[in-house]
Amino acid sequence: SALAKARELGAEAVIEQLKEAGLQGRGGAGFPAHFKWSAVNTQEETERYVICNADEAEPGTFKDRETILRQPHRMLEGLAIAAATIGTKSIYIYIRGEYTNEYRALQAAIAEVKDAQLSDFEIEIVKGHGAYICGEETAMLESMEGRRGMPRLKPPYPTESGFRGKPSLIHNVETIACVPSIIHNGGEWFKSLGKTE
């Protein structure tokens, strides 16, 4: 599996593969993924979190929803690779509250692999409350912590002070779902599929 390969490679090599791949955030900002992973890994604080932003409240968007419904295991393996790489067991998935079928699909997928690939990780699904602004990562963190979903001032960035004030690696569904293929086939393979700039 890609998770086993990632563990074999080690954190530095995994991040290097993401860098070679040119993987960028697919939530809109296009921020290079490897920067986030590196930033979390360089923090002295060892309590860390991996968070998947599956809020997808932009009108007319459905790419993340389709991934959750059709290939939830790919997303889950990507989250597991991220958690293993930054040295945490804590994975959170913040999902749009209206995504009932998607929520069930995730629950079923987690149950299927809980005793195998995901046995080392604690996964919690958090339902959003229909606030469009929570698609922004710091507003999502506020919501997860039980407050009104409003963006935080930056810096500090979530990689330094995110969920519960701890270093947090946040990606949307599409971004994290790309990770297993990159680890399995290599960064150069992913880059060869199309433009990354």
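**Cysteines and a helix pair**

1. Let me start with Cys-178: its sulfur has its closest cysteine sulfur in Cys-52, and at 12 Å that is too far for a bond. Please bear in mind throughout that this is a predicted model. Cys-178 is also buried, because its relative accessible area is 14%, under the 20% cut-off.

2. How many disulfides does a search of the whole structure find? The count is zero. For a pair to qualify, the two sulfur atoms would have to lie within 2.5 Å, so the 12 Å between the sulfurs of Cys-178 and Cys-52 rules that pair out.

3. Now to the helices. Helix α1, residues 2-9, packs against helix α8, residues 173-185, at about 60°, and their axes are 9 Å apart. The angle makes α1 oblique to α8. As for handedness, the crossing of α1 past α8 is left-handed.

4. Which residues meet where α1 and α8 pack? From α1 come Ala-2, Lys-5, Ala-6 and Leu-9, and from α8 come Pro-180, Ile-183 and His-184. Sorted by class, this contact has five nonpolar residues, one polar and one charged.

How values were computed
Residues are numbered from 1 along each chain as its sequence is written. This is a predicted model: local features need pLDDT of at least 70, side-chain atom pairs count only at pLDDT 80 or more; totals for chains, interfaces and linings use all residues. Side-chain values use heavy atoms; hydrogens and water are left out. Axes are lines fitted to C-alpha atoms, for helices over the stretch in contact, and angles run from 0 to 180 degrees between N-to-C directions. Helices (H or I, at least four residues) and strands (E, at least two) are DSSP runs, numbered from the N terminus. Angles under 35 degrees count as roughly parallel, over 145 as roughly antiparallel, 65 to 115 as roughly perpendicular and the rest as oblique. A crossing is left-handed if the near helix is turned anticlockwise from the far one by less than a right angle, and right-handed if clockwise. Contact means heavy atoms within 4.5 Å. Ala, Val, Leu, Ile, Met, Phe, Trp, Tyr, Cys and Pro count as nonpolar, Asp, Glu, Lys and Arg as charged, and the others, Gly among them, as polar. Buried means under 20% relative accessible area, exposed over 50%, partly exposed in between (1.4 Å probe, protein chains only).
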